[in-house]
Amino acid sequence: MLLKILALWFLISGLIIVFHARRALPIAWMEPVLKRPVLIIESDDWGAGPDLQSESLEAIAQILAGFSDQEGRHPVMTLGIILASADGEKIQSTGSYHRQVISVDTHGSLLRAMHGGVESGVFSLQLHGLEHFWPPALMMASESNKSVKDWLYSAPVSITEDLPSHLQSRWISAASLPPKPLGNAELSRAVREEMDCFKAVFGTAPRVAVPPTFIWNKCVETAWSEGGIDVVVTPGARYESRDGTGRPSAAGGAIYNGQVSDAGAVYMVRNTYFEPSLGHTAEMAITALDSKTSLGRPTLLETHRFNFLGSDDMKTRSMEELKRFLQRALDKFPSLAFLSTDQLANILRDRDPAWVEQRLRIRLHFCIQRLGEIPRLRKLALLSGWIVPAGLAWRLTGHS
């Protein structure tokens, strides 16, 4: 009788766990398992704004060039490029929107720093946006918001990081909250315009897109793919708008590394932050690298240009933390690999056996490990007793 009760308990509790894991389980299983640690440093907002960014990029490139993995690859920092900003002087004189696109004339030293880093293998350029805002929304907001108007008139020297966060979203009209959606024809036209601009500035079409503030929709994604974008960088979900308080609103389920979108692009997931100016340290980044590696995932470390601008103290601290992190990462993970985002996306799309685990037993081990990281599932497993067979299966499948 006791055995029947125990069997019934395990059956019912198991079904409850499966119900709660119905979304997480397929992702934990389908996401590729990497055979070795992989690190990519993803950095956004470079381009439009003060030309003094070049000094910071040159210093970063020098730091990155000082490290290499076992195959001789240097750490790669991706640069999410903003191609233009508002031309405040022309806007004041005409009353209508005008932009200034980065060029050799306006940002010569910055473009040289970017190209130099690409040639030396430490930078990889990504499309972030023509602007880091939707121009009509910014113009509309400036009519009633003095700080926005002041920002607009001081552009292009002013930096978009100083705008209200909802106005930094490009693919919605957020002059007021909740934002208004943009029409598909308008979105497609804007995507074509920014991709043509990227090619005109850099000589090659972009392959990787990073949505500003991670808000975009399927129409934007389709237009990117039609223009040649192969990779879309995400935060692990797609946010299509913002709510009345300005918070991003998710659409659809979770996104995993290597997932192929309906439009044919590969999704990549940024999974940790590294913002030294906000108190993030090398030790915190090492902990994140350790955690992602234990789950068979790459570490896509998100950082922003504001860490490397501003005061000399802030820039120095950010550079030192970056250098310290890279040294500690190589010390702790000798097999650590440095790749660019598009390189890793191709590896995951193809399930390259040199990089991606093929053995079902090992994949099951990491699947259990990934599910165990979800607090609700772990709690249910502890309360029901399923933690015992799950732990046993985890141990049995973990041997190489």
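Helices (H or I, at least four residues) and strands (E, at least two) are DSSP runs, numbered from the N terminus. The model is predicted: local features need pLDDT of at least 70, side-chain atom pairs count only at pLDDT 80 or more, and totals for chains, interfaces and linings use all residues. Residues are numbered from 1 along each chain as its sequence is written, and side-chain values use heavy atoms, with hydrogens and water left out.

View 1. Pro156 is placed in the loop between α7 (146-154) and α8 (184-202). The bond that joins Ala155 to Pro156 is cis, its omega being near 10 degrees. Pro178 is also found in the loop between α7 and α8. Here the cis bond runs from Leu177 to Pro178, with omega near -5 degrees. Most peptide bonds are trans, and most residues other than glycine have a negative phi.

**View 2. Positive phi at Asp45, Phe214 and Arg351**. Asp45, in strand β1 (residues 38-47), is not a glycine, yet has a positive phi of about 85 degrees. Asp45 counts as buried because its relative accessibility is 5% (buried means under 20% relative accessible area, exposed over 50%, partly exposed in between; 1.4 Å probe, protein chains only). Phe214 has phi near 55 degrees and lies in the loop between β6 (208-209) and α9 (218-226). With a relative accessible area of 10%, Phe214 is buried. In helix α12 (residues 341-350), the buried residues are Thr341, Asp342, Leu344, Ala345, Ile347 and Leu348.

**View 3. Aromatic pairs.** The whole structure contains seven aromatic pairs. Rings of Phe, Tyr and Trp (its six-membered ring) pair if their centres lie within 6.5 Å; planes under 30 degrees apart count as stacked, over 60 as edge-to-face and the rest as tilted. Trp134 and Trp171 form a tilted pair, 6.4 Å centre to centre with 45 degrees between the planes. Trp134 lies in the loop between β5 (123-129) and α6 (135-142) and Trp171 in the loop between α7 and α8, so this pair ties together parts 37 residues apart in sequence. Both Trp134 and Trp171 are buried. Phe274 and Phe325 form another tilted pair, at 5.9 Å and 35 degrees. Phe274 is in the loop between β11 (272-273) and α10 (282-294) and Phe325 is in helix α11 (residues 312-332), 51 residues apart. Relative accessibility is 1% for Phe274, which is buried, and 0% for Phe325, also buried. Tyr97, Phe133 and Trp151 form one aromatic cluster.

**View 4. Arginines over tryptophan rings.** Arg170 lies over the face of Trp171, 4.7 Å from the ring centre. The charged end of Arg363 sits over the ring of Trp29, at 4.1 Å from its centre. A charge sits over a ring if NZ of Lys or CZ of Arg is within 6 Å of the ring centre and within 35 degrees of the ring normal.

**View 5. Nonpolar cores.** A nonpolar core is a set of buried Ala, Val, Leu, Ile, Met, Phe, Trp, Tyr and Cys residues joined through side-chain atoms within 4.5 Å. The largest has 85 residues, of which Ile60, Ile81, Met114, Phe202, Trp224, Phe325 and Leu326 touch the most other members. Helix α8 supplies the largest share of this core, eight residues. A second, separate core of 12 residues includes Ile91, Ala141, Trp151 and Leu167.
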